[in-house]
Amino acid sequence: MLQRFRAAAVALAVGAGALALAPTATAATAPSISQVDVSPSPIVVTGDQQVTATFTFTTKDAGKAELKLRAPGDVGVGTPVDLTPAPHGQETRWTGKKSFDAKNAGKWNLLAIAHSGDGSEKSTNGSFTVEVKKSAVDTKIVDFGAHPDVVAKGDRISVSGRLLAERDGWKGYGDQRVTITFREKGTDAYRHITTVGTSRSGWFSARVSVEATGWWRAEFNGHAGAKGSVSDTDRVDVRHRSADSRIVGFSADPEPVDKGDRLNFRGALQVDGSHGWDGLAGQRVTILFKAHGSSRWEAVTGDRTGRDGRFWASATAQTSGWWRAVFSGSRGVEGSSSSSDWVRVVKPTPPPSRDKSKLVAFNAYPEPVKYGNYLRFRGVLLVDGGGYEAKVGLYFKPKGSSKWQFVKTTNSTGSGKLYTKVKAYKSGYWKFVFKGDDDAYGSQSGRDYVRVKR
């Protein structure tokens with residue numbers, strides 16, 4: 001009986017060993033894959049630069065992986081991206097990189113695939129975009145100035161300039177905000193004073209109070225579409241005494257003049273600043289007249305000075321006498337008066353029987369002309385078809401004005417040719433006018449517009 005039990009135990013042991021030696025069948029595990037992370041997203045390209053994007057995803061139970069990108073409009077299988085694997089816990093992290101530029105703008109599609117050792121696979125897809133952002137344009141502030149240069153404490157000055165942007169050449173940058181700042185003498189920092197807007201052509205201006213000597217400038221902070229810029233500085237001195245002023249270049253033309261014709265007055269108001277005599281802008285200049293035989297000066301007309309201190313005015317000639325310009329002064333600036341200019345007024349004589357005249361081939365050049373440079377004029381005066389020698393007037397009408405202003409006279413040669421020159425300060429129209437004489441009726445040339453640039 002004991003031997004029978006032993007035999008049964010041996011049989012069971014042998015059976016158990018046979019079972020342990022038999023191969024065990026295991027089911028293959030399918031791979032898994034995560035969504036693909038794109039960084040940065042969206043991919044933003046500025047100007048002509050390139051941006052490199054990183055693509056990252058993880059797999060599990062995968063021997064290899066692949067990533068394909070399909071460009072906007074592409075219907076093919078896509079372009080493969082080289083991947084680098086790295087351990088990531090129980091998973092594998094796969095990383096790939098690709099560079100993009102402005103030509104790659106649009107929506108891209110991607111496909112990531114994980115492969116296991118037994119040939120099974122798992123995939124995921126997605127999309128990302130490449131956007132193009134315009135480069136910020138360069139800007140600069142030109143022609144900045146603070147006027148006048150010398151004032152009394154508490155006076156107001158004019159600060160002005162022009163903001164330009166580099167867009168196929170430097171052009172006025174309109175509808176922008178420019179900050180006017182000030183640094184007091186003896187300090188290091190500029191402080192905000194006021195903010196002004198630019199016109200369509202980029203010009204800006206403001207009136208500000210001055211409390212101390214120092215430097216003024218304009219600042220454009222810029223934004224996503226334009227880079228910031230800072231103007232040159234302009235110093236303004238605060239003095240306790242009033243600055244001297246003077247009126248130079250005053251004239252009344254023409255002389256003599258026919259009764260009832262227009263007289264034209266011009267000149268410049270200047271102030272004694274820290275850098276010498278400078279044009280005084282924005283001031284009222286009155287034109288006075290004293291008739292022949294009288295001792296009384298009477299105000300007739302006037303004008304407000306421009307940015308360079310110049311003024312223009314006109315009046316109807318009634319009688320012979322003296323003319324002069326007077327500046328009454330302003331806060332911080334003493335008044336002044338010009339020298340007097342005598343004008344003889346004559347009665348116009350009845351026109352005799354005369355020939356017709358014609359002014360032809362008129363030209364004002366160069367165009368455009370720089371501020372303060374000479375502008376030259378040519379033309380031909382013809383009477384009865386031939387050249388004619390006579391006195392001819394040059395007239396000017398500023399841009400935006402409706403009045404023609406006498407500038408100077410010149411003489412034509414025996415062949416009728418005319419030539420003269422003047423310094424240009426404002427844009428506008430020019431023409432020659434021949435008033436006629438005993439032998440010929442008057443005439444005028446065509447007008448010619450000339451732009452004056454700073």
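Start by selecting R310, which is partly exposed at a relative accessible area of 27%. Show its side chain together with that of D308: the two meet in a salt bridge, 3.8 Å from N to O. Keep in mind on this tour that the model is predicted.

Side chains of opposite charge can pair when their charged atoms come close. Go to R235 and D237, whose side chains form a salt bridge of 2.6 Å, N to O. R235 is partly exposed, with a relative accessible area of 25%, whereas D237 is buried at 7%.

Next, pick D101 and K103. Their closest N and O atoms are 3.0 Å apart, and the pair counts as a salt bridge. Which of the two is buried, and which is exposed? D101 is buried, at 13% relative accessibility; K103 is exposed, at 71%.

Now switch to a cartoon view and colour five strands in the order 3-10-9-5-6: they form an open sheet with mixed pairing. Look at the two edges, where strand 3 (43-46) and strand 6 (79-81) each have a single partner strand, so one side of each has no neighbour in the sheet. Ignoring direction, neighbouring strands here are turned by 30° against each other on average.

Zoom in on strand 9 (residues 106-115) and strand 10 (residues 121-133), which pair in the antiparallel sense over ten bridges. To find your place along this pairing, select L111 and look across to N125 in strand 10, its bridge partner.

**Two cis peptide bonds**

Select S41 and P42 and show the backbone. The peptide bond from S41 to P42 is cis, with omega near 0°. P42 sits in the loop between strand 2 (37-39) and strand 3. Then move on to E255 and P256, where the peptide bond is again cis, omega being near 0°. P256 belongs to the loop between strand 21 (245-253) and strand 22 (257-258).

Where is D61? Look in the loop between strand 4 (51-60) and strand 5 (64-70). D61 is partly exposed, with a relative accessible area of 43%.

For the last stop, select D175 in the loop between strand 14 (170-172) and strand 15 (177-184). D175 has a positive phi of about 60° although it is not a glycine, and at 71% relative accessibility it counts as exposed.

Methods. Residues numbered from 1 in each chain as written. Predicted model: local features only at pLDDT ≥ 70, side-chain atom pairs only at ≥ 80, totals over all residues. Heavy atoms only, no water. Salt bridge = Lys/Arg side-chain N within 4 Å of Asp/Glu carboxyl O. Buried < 20%, exposed > 50% of the residue type's maximum accessible area, 1.4 Å probe, protein only. Pairing = 2+ DSSP bridges. Helix = DSSP H or I, 4+ residues; strand = E, 2+ residues; numbered from the N terminus. Axes fitted to C-alpha atoms, helices over the stretch in contact; angles between N-to-C directions.
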